[in-house]
Amino acid sequence: MNQSLIIISALSENHAIGQNNTLPWSLPNDLKRFKALTSSFPIIMGRKTLDSMRGILPGRKHIVLSRSNYPSKPNLVFVKNVKSALEETDGYKKAFVIGGSFIYALFMDKATHMELTHVHHQFEDADVFFPSIDYSQWKVINKIDNPTDSKHAYPYTYKTYIRL
């Protein structure tokens with residue numbers, strides 16, 4: 001079975017993805033898109049990303065890479081390495097890597113797709129950044145521009161990438 005391994009993230013022009021264990025922006029439509037894309041598929045993350053969430057996201061198996069030992073619960077599995085994380089996604093058509101920075105870097109060479117929301121702003125106070133991307137390895141297959149509005153202070157663009 002050919003499984004898609006998809007990196008999904010929102011990142012600013014300076015690759016910011018986090019600030020004080022939260023997102024540096026509020027983009028409600030991006031969160032809705034995240035939910036629509038990831039629902040019913042496994043999501044792979046680091047422990048700090050799990051800690052930044054307000055609990056377990058419904059309808060998704062959470063696979064957390066951590067050096068520490070934590071007990072697994074329904075829809076929450078802790079693993080020690082990339083191989084174990086990928087084994088936990090067996091049987092699914094897709095799996096998503098949702099962060100943070102170190103986890104993205106670990107899976108970058110294994111990803112088949114990226115779903116990136118490019119936030120058109122620089123966040124100088126950010127403390128977590130998306131790793132560098134070799135765009136020569138990727139092709140944009142879908143692009144949607146989104147302007148500012150009453151709920152979105154920054155313009156942003158959804159881009160779907162497929163590995164060449």
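Thr-160 counts as buried because its relative accessibility is 10%, where buried means under 20% relative accessible area, exposed means over 50% and partly exposed is in between, as found with a 1.4 Å probe on protein chains only. This is a predicted model, in which local features need pLDDT of at least 70 and side-chain atom pairs count only at pLDDT 80 or more, while totals for chains, interfaces and linings use all residues. Residues are numbered from 1 along each chain as its sequence is written, and side-chain values use heavy atoms, with hydrogens and water left out.

Thr-160 belongs to strand S10, which covers residues 156-163; strands (E, at least two residues) and helices (H or I, at least four) are DSSP runs, numbered from the N terminus. The side chain of Thr-160 meets that of Glu-115 in a polar contact of 2.8 Å, a term for a pair of N or O atoms within 3.5 Å in which, within protein, one must be able to donate a hydrogen and the other to accept it, and for which residues adjacent in sequence count only if both atoms are side-chain atoms. Leaving aside residues up to four places away in sequence, Thr-160 touches Arg-33, Met-114, Glu-115, Lys-139, Val-140, Ile-141 and Asn-142, where contact means heavy atoms within 4.5 Å.

Tyr-156 is also in strand S10, and with a relative accessible area of 2% it is buried. Among the residues that Tyr-156 touches, again not counting those up to four places away in sequence, are Leu-27, Asn-29, Thr-117, Val-119 and Ile-144. Tyr-156 and Asp-30 are 126 residues apart in sequence, yet their C-alpha atoms are 9.1 Å apart in space.

An α-helix has 3.6 residues a turn, so residues three or four places apart point the same way. Arg-33 lies over the face of Tyr-158, at 4.2 Å from the ring centre, a description used if NZ of Lys or CZ of Arg is within 6 Å of the ring centre and within 35 degrees of the ring normal.

Aromatic pairs complete the picture. A search of the whole structure finds seven of them; rings of Phe, Tyr and Trp (its six-membered ring) pair if their centres lie within 6.5 Å, and planes under 30 degrees apart count as stacked, over 60 as edge-to-face and the rest as tilted. Tyr-104 and Phe-130 form a tilted pair, with 4.7 Å centre to centre and 45 degrees between the planes. Tyr-135 and Tyr-161 form a tilted pair too, at 5.8 Å and 40 degrees. Tyr-135 lies in the loop between S8 and S9 and Tyr-161 in strand S10, so this pair ties together parts that are 26 residues apart in sequence. Tyr-135 counts as partly exposed, at 35% relative accessibility, whereas Tyr-161, at 4%, counts as buried.
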